[in-house]
Amino acid sequence: MSDLARVLELKENLVNFVYDDEGAIATALENYAAEKGKKNSYGIKQQNLTVDLFLTQGQIENQTPLNLFIQQALSSEDKTIVQRWQDNFIGLFEIQAIEDDRYRLMNWLTAKTYSVSAHSGIPDKERSRWQPGEIILCIIAPLNETEWFFFS
């Protein structure tokens, strides 16, 4: 299994971990989404963005859902992968280049560039609209020490 495939599988497991909870995580997600929903329009893209932000920024008894997930029975390799996601961030990015399934993005705030892997979780209809020069709002997270992937 490729690094990206494993990362996407783990991300799906993390999202399911949050959605499957019926206790403190569920309550915290509802409160987080309600607070974010007051400030923004709330379409499906905003909902997905809110959930993905909650994964690493939400708080359940002073822990993030990501930290709670890491405490699950994960291999040490998987824990290392997931711990990297604590360095994810949201930003406005300019698409500078597209090469196969890799995007060179420039953060508009810092002008720093990132090599970001696309994946099958991004609808083809959306990706087909992305062209060099376009500005996108997204969350990126480390795939490994040098590469990133679209977290949301």
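Buried means under 20% relative accessible area. Arg6, at 19% relative accessibility, therefore counts as buried in this predicted model. Its partner is Glu9, and the two form a salt bridge with the closest N and O atoms 2.4 Å apart. Glu9 counts as partly exposed, at 32% relative accessibility.

Both residues sit in helix 1 (residues 3-20). They are three residues apart, which means a separation of about one helical turn.

Across the whole structure, a search finds six salt bridges.

| Salt bridge | N to O distance |
|---|---|
| Arg6 and Glu9 | 2.4 Å |
| Asp101 and Arg127 | 2.9 Å |
| Arg102 and Glu147 | 2.9 Å |

Asp101 and Arg127 meet through their side chains. This pair links distant parts of the chain, 26 residues apart. Asp101 lies in the loop between strand 1 (89-99) and strand 2 (102-107), while Arg127 belongs to helix 6 (residues 124-129). Asp101 is partly exposed, with a relative accessible area of 42%. Arg127 is buried, at 18%.

Arg102 and Glu147 also meet in a salt bridge. Here too the pair links distant parts of the chain, now 45 residues apart. Arg102 is in strand 2, and Glu147 is in the loop between strand 4 (135-142) and strand 5 (148-150). Arg102 counts as partly exposed, at 27% relative accessibility. Glu147 counts as partly exposed as well, at 22%.

Terms used: Residues are numbered from 1 along each chain as its sequence is written. This is a predicted model: local features need pLDDT of at least 70, side-chain atom pairs count only at pLDDT 80 or more; totals for chains, interfaces and linings use all residues. Side-chain values use heavy atoms; hydrogens and water are left out. A salt bridge is a side-chain nitrogen of Lys or Arg within 4 Å of a carboxyl oxygen of Asp or Glu. Helices (H or I, at least four residues) and strands (E, at least two) are DSSP runs, numbered from the N terminus. Buried means under 20% relative accessible area, exposed over 50%, partly exposed in between (1.4 Å probe, protein chains only).
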